[in-house]
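Subject: Handover of a structure, with notes

Hello,

I am passing this structure on to you, and the sequence and model are below. Please look through them first and then read the notes.

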Amino acid sequence: MLAADEQDWQRRAAQGDRAAFAWLVQQHQTAVFNVAYRLLGNRRDAEDAAQEAFLRAFRNMARFDSQRPFRPWIKRITTNLCLNRLEAQRVRPAITEADVGNTDNPANLDEWAHHNPTPEQRMLAQEQAGDIRAAILQLPPHYRAVIELRHFQELSYEEMAVVLERPLSSVKSDLFRARKKLGDLLQQT
């Protein structure tokens, strides 16, 4: 169920209220950036894509159904925009050491994240996160998208199908294949 206050902001934004749309941007900018960053692989491209996604959303806000949640809609716009950019480039993004260690929301893949890790544990976690980030960036864009949406954005399979505009069975199949390929890539490191 959509919170009444967010629904009000969405309704006002759909009616052209720029302040209301700015509030929506503020609420969702981190999630949008994270989607773009994980798909594109570097901060500058992710920032550009996030900005463009919000611009596209703003231009199409009058057609947005304010009874539905904004987050899946803006994530779908972001995902499609990033996939289109990757398709146009037809190259895999290069990952730099600065990109691996400089995320606003690095992958939390270790159980010890909930207590004070030792310096050695922190270093190991950073290395593992870097290895995972590098392996994810080696995946084809549509596999990157399903990994991002399921494991980093924690969407359900049904939500992923909506965001990707693909049948549920295709999403499940892509996620299975993406995980297998990711596992193979991680075993090589």
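The notes below go from the whole chain to single residues.

The model is a predicted one: local features need pLDDT of at least 70, side-chain atom pairs count only at pLDDT 80 or more, and totals for chains, interfaces and linings use all residues. Residues are numbered from 1 along each chain as its sequence is written, and side-chain values use heavy atoms, with hydrogens and water left out.

Overall make-up

The chain has nine helices and zero strands. Helices here are DSSP runs of H or I with at least four residues, strands are runs of E with at least two, and both are numbered from the N terminus. Read from the N terminus, the order of elements is α-α-α-α-α-α-α-α-α.

Of the 189 residues in the chain, 42% are buried. Buried means under 20% relative accessible area, exposed means over 50%, and partly exposed is in between (1.4 Å probe, protein chains only). The chain exposes about 11000 Å², and carbon and sulfur atoms supply 48% of that area. Accessible areas come from the Shrake-Rupley method with a 1.4 Å probe, and for residues only the protein chains shown count as cover.

A contact means heavy atoms within 4.5 Å. Taking contacts between residues at least 6 apart in sequence, 66% join residues at least 24 apart.

In soluble globular proteins, nonpolar side chains tend to be buried together. In this chain, the largest nonpolar core has 49 residues, and F21, M61, F70 and I74 have the most contacts inside it. At least two core residues come from each of α1 (4–14), α2 (18–40), α3 (43–59), α4 (70–89), α6 (119–138), α7 (141–152), α8 (157–164) and α9 (168–188). Helix α2 gives the most, with 12 residues. A nonpolar core is a set of buried Ala, Val, Leu, Ile, Met, Phe, Trp, Tyr and Cys residues joined through side-chain atoms within 4.5 Å.

Which residues does F21 touch, not counting residues up to four places away in sequence? They are A13, F54, A57, F58, M61 and F70.

T78 lies in helix α4 and counts as buried because its relative accessibility is 0%. Leaving out residues up to four places away in sequence, T78 touches V32, V35, A36 and A53. A53 is 25 residues from T78 in sequence, and the two are 5.3 Å apart in space, C-alpha to C-alpha. The side chain of T78 also reaches the backbone oxygen of I74 at 2.8 Å. This is a polar contact, that is, a pair of N or O atoms within 3.5 Å; within protein, one must be able to donate a hydrogen and the other to accept it, and residues adjacent in sequence count only if both atoms are side-chain atoms.

R144 is placed in helix α7. R144 is buried yet has no salt bridge, and the nearest side chain of opposite charge, D45, is 9.2 Å away. For charge, Lys and Arg count as positive and Asp and Glu as negative, while His and the chain ends are not counted. The side chain of R144 does reach the backbone oxygen of L139, at 3.1 Å.

Salt bridges

Side chains of opposite charge can pair when their charged atoms come close. A salt bridge is a side-chain nitrogen of Lys or Arg within 4 Å of a carboxyl oxygen of Asp or Glu. The whole structure has nine salt bridges.

D8, R11, R12 and D17 are linked in a network of them. D8 and R11 meet at 2.2 Å, N to O; both lie in helix α1, three residues apart, about one turn of the helix. R12 and D17 meet at 3.1 Å, N to O. D8 is partly exposed at 28%, as is R11 at 37%. R12, at 25%, is partly exposed, and D17 is partly exposed at 24%.

Another salt bridge joins R76 and E165 (3.6 Å, N to O). R76 lies in helix α4 and E165 in the loop between α8 and α9, so the pair ties together parts that are 89 residues apart in sequence. R76 is buried, with a relative accessible area of 19%, whereas E165 is exposed at 58%.

One backbone angle

Most residues other than glycine have a negative phi. Phi of E165 is near 55°, a positive value in a residue other than glycine.

Regards
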